[in-house]
Amino acid sequence: MYTADIRQPLVTGGKTYSDVTKDVCRPIENKPTPSWWLGFSIAVLLLLLLAGTLAWTVWEGIGTWNVNKSVMWGWDITNFVFWVGIGHAGTLISAILLLFRQKWRMAINRSAEAMTIFAVFCAAIFPLFHMGRVWLGYWPLPLPNAFGSLWVNFNSPLLWDVFAISTYLSVSLVFWYLGLIPDIATVRDRATTKARKFWYGFFAMGWNGSAKSWGRYEVVALILAGISTPLVLSVHTIVSMDFATSVIPGWHTTIFPPYFVAGAIFSGFGMVLTLLLIARYVMNYEDYITSEHLEAMTKVILLTGSIVGLAYITEFVIAAYSGYEYEQYAFANRMFGPYAWAYWTMMFCNLMAPQVFWSKWARTTPWFIFIISIIVNIGMWFERFVIIVTSLHRDFLPSSWVMYHATWVEVGIFLGTFGLFFTCFFMFAKFLPVINMAEVKTIIKDKE
Amino acid sequence: MVDKSILLDNKKFTIGIFDDSDKLLHAVKTLKEKGVKIFDCYTPFPVHHLDHALGYHRTNLTIGAFLCGMLGCLSGFTLAYYMNVVDWPMIIGGKPQDISVFTSFIPVMFELTILFTAFGMVIMFFARSRMIHGIKEDLLSRRQTDDHMVLAIDNDEDQAISNDDILTLLKKEGAIEVNNSKEAFNTSLTSEEELAKLLKKPKAPTKAKTSTKKPKKK
């Protein structure tokens with residue numbers, strides 16, 4: 001047992017091994033609570049909204065959106081980048097913090113990874129439906145075809161994105177599932193119903209916790225963490241290249257990859273905090289997700305928020321200093337043009353609001369963190385909106401300048417993806433252990 | 001469902017059940033010093049240094065993972081080079097499409113390296129640990145995935161000390177329960193009554209907790 005006396009214990013309440021099992025298995029083994037049903041119903045309603053708006057888009061055509069020849073990316077790609085970014089915190093927590101031996105990750109990595117996977121599901125919807133003919137969604141794949149063997153273009157960052165996102169989704173799924181196996185086995189061995197015995201037995205793959213398996217398991221987890229770390233950095237780097245390799249003023253900047261990665265982690269931690277604060281309250285997990293955890297996460301928010309803020313300022317200074325009038329105009333237009341309200345919302349939410357976390361009180365007060373985490377989510381959505389819409393709506397030719405406002409269909413799809421996300425999350429909270437029991441049991445006596 | 005036949009071959013085990021990982025580790029070390037051959041240990045969580053104490057070597061899965069990664073990298077390059085250079089060069093703006101565009105293949109090569117490493121290694125891990133969907137587990141204690149740690153000794157092996165001595169040693173090391181002829185079982189082999197009996201103790205406080213919660217919610 002490792003003990004650092006200046007630190008608080010990672011798990012409070014004097015839990016024993018079997019307490020951990022009981023607490024974590026409680027939602028799985030009992031009927032859902034009324035609050036679960038309430039949240040789940042709202043999520044399913046939003047999911048129906050998603051289905052409806054997507055069906056309408058396919059039925060009526062992409063003209064139901066207000067994307068036009070100048071602003072061809074609009075809300076759609078804004079939402080795509082927003083959701084992909086959300087996912088990054090999960091991998092950061094489970095992979096990068098594992099490499100840095102941050103043991104506080106153990107109580108939150110399971111739910112953060114689940115969040116990653118669900119967020120990537122949501123993200124994938126947008127580019128697919130943005131193609132207009134979603135049934136041709138397989139075209140970006142390098143498949144032999146009947147068009148004169150015209151292959152995909154490997155020089156295009158959009159194709160890199162196809163590879164990056166699909167790899168990211170599959171590797172995250174594998175990493176998540178691998179972590180789940182010992183816990184699924186725990187549920188299996190406690191199962192009292194036939195169905196539970198069968199399904200958890202099926203997915204536990206015969207796990208019995210032998211020392212031989214654990215030895216291999218730990219090496220596999222370490223290597224997966226090692227390869228997920230560059231993977232997660234590459235994913236948002238490539239997403240940023242969708243913009244940065246173009247010649248649009250406001251997009252054509254070399255700062256985009258690190259700036260996007262920091263932004264992704266920032267927004268992801270915002271969402272992790274939002275979710276965990278609800279989960280820990282509803283499911284009584286205060287002993288596992290302690291104020292130490294909240295404090296550590298808010299520190300990450302403070303750091304990445306400051307990096308993002310620095311990037312905004314750097315971007316502006318470089319534009320001002322470039323002597324390139326289109327670039328200068330793009331930034332002046334962002335700050336003082338018709339979308340200035342979006343720009344200043346972004347600046348307030350991402351640069352200023354997280355600075356409150358310099359105060360210890362702010363870092364340890366759950367309701368306050370919850371508010372800031374929502375502000376961070378809003379701010380990061382606006383960041384993508386500002387980057388996409390303000391750069392596109394006024395291009396090189398003033399005669400084609402337009403304003404862009406979303407239609408109810410676009411808004412509906414965005415709200416609907418929250419439905420998909422939360423439906424998945426509520427199902428996850430009901431059927432799978434939300435906290436990684438096996439890992440938490442190794443640290444219940446630690447202070448680190 | 002498939003039966004996993006490592007333990008289920010009517011083998012008899014001498015087992016000691018521990019409730020503390022430090023005690024288990026100490027017991028393993030003591031038994032090893034006495035020359036007792038230990039079959040394996042079963043723990044609900046990874047116990048550090050236990051694999052060293054049992055004399056296990058570090059797994060070679062990393063070498064396999066590296067090879068898979070190399071294969072992925074090579075596939076990425078082959079894919080991009082064949083499609084964009086050999087089979088159908090897309091000349092855009094008169095720019096060359098030959099090996100000089102190699103740099104734009106790097107992202108795809110990188111992603112495929114990661115993909116192949118991850119899947120290759122996990123599949124090898126499952127194969128090596130004889131894990132597959134639907135396989136039946138073999139347990140020595142119902143609570144070995146909950147809070148009990150099992151130290152198992154194969155009764156067919158010739159040991160340096162007698163079975164009784166092993167039992168006394170295990171007890172001395174703090175085993176909460178010992179058994180000198182335990183057979184492996186799986187959850188589907190346990191009858192409903194046995195299950196109810198097994199789960200009675202740990203379940204009681206859970207029920208109490210939910211019952212205190214419910215009226216509040218109503």
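These legends walk you through close-up views of a predicted model.

**Figure 1. Chain A as a whole.** Start with the overall build: chain A has 15 helices and zero strands. Its radius of gyration is 23 Å, close to the 22 Å that the globule rule gives for 448 residues, so chain A is as compact as a globular protein of that length. If you follow the C-alpha trace along its principal axes, chain A spans about 70 × 55 × 40 Å.

**Figure 2. Two helices of chain A, side by side.** Two packed helices are described by the angle between their axes and the distance between the axes. Here the pair is helix H3 (residues 74-99) of chain A and helix H7 (residues 211-244) of chain A, whose axes come within 9 Å and cross at roughly 155°. Angles over 145 degrees count as roughly antiparallel, and H3(A) and H7(A) are therefore roughly antiparallel to each other. As for handedness, H3(A) passes H7(A) in a left-handed crossing.

**Figure 3. Who meets whom between H3(A) and H7(A).** On the H3(A) side, look for residues including Val81(A), Gly85(A), His88(A), Leu92(A) and Leu99(A). Their partners in H7(A) include Ala225(A), Gly226(A), Val232(A), His236(A) and Val239(A). Sorted by class, the contact of H3(A) with H7(A) has eleven nonpolar and eight polar residues, and no charged ones.

**Figure 4. A helix pair in chain B.** Now zoom in on H3(B) and H4(B), which pack at an angle of about 145° with their axes 7 Å apart. This time the crossing is right-handed, as H3(B) passes H4(B). The contact of H3(B) with H4(B) is made of 16 nonpolar residues, eight polar ones and one charged.

**Figure 5. Where chain B touches chain A.** The contact draws 64 residues from chain B and 62 residues from chain A. On the chain B side, the elements that each supply at least two residues are strand S3 (40-42), helix H2 (50-53), helix H3 (61-87), helix H4 (106-128), strand S4 (135-136) and helix H6 (192-217). Which element gives the most to this side of chain B? That's H4(B), with 14 residues. By class, the side of chain B that touches chain A has 36 nonpolar, 15 polar and 13 charged residues.

Methods:
Residues are numbered from 1 along each chain as its sequence is written. Chains are lettered from A and ligands numbered from 1 in the order in which they are written. This is a predicted model: local features need pLDDT of at least 70, side-chain atom pairs count only at pLDDT 80 or more; totals for chains, interfaces and linings use all residues. Two residues are in contact if their C-beta atoms, placed from the backbone, lie within 7 Å. Helices (H or I, at least four residues) and strands (E, at least two) are DSSP runs, numbered from the N terminus. Ala, Val, Leu, Ile, Met, Phe, Trp, Tyr, Cys and Pro count as nonpolar, Asp, Glu, Lys and Arg as charged, and the others, Gly among them, as polar. Axes are lines fitted to C-alpha atoms, for helices over the stretch in contact, and angles run from 0 to 180 degrees between N-to-C directions. Angles under 35 degrees count as roughly parallel, over 145 as roughly antiparallel, 65 to 115 as roughly perpendicular and the rest as oblique. A crossing is left-handed if the near helix is turned anticlockwise from the far one by less than a right angle, and right-handed if clockwise. The radius of gyration is taken over C-alpha atoms; the globule rule is 2.2 Å times the number of residues to the power 0.38.
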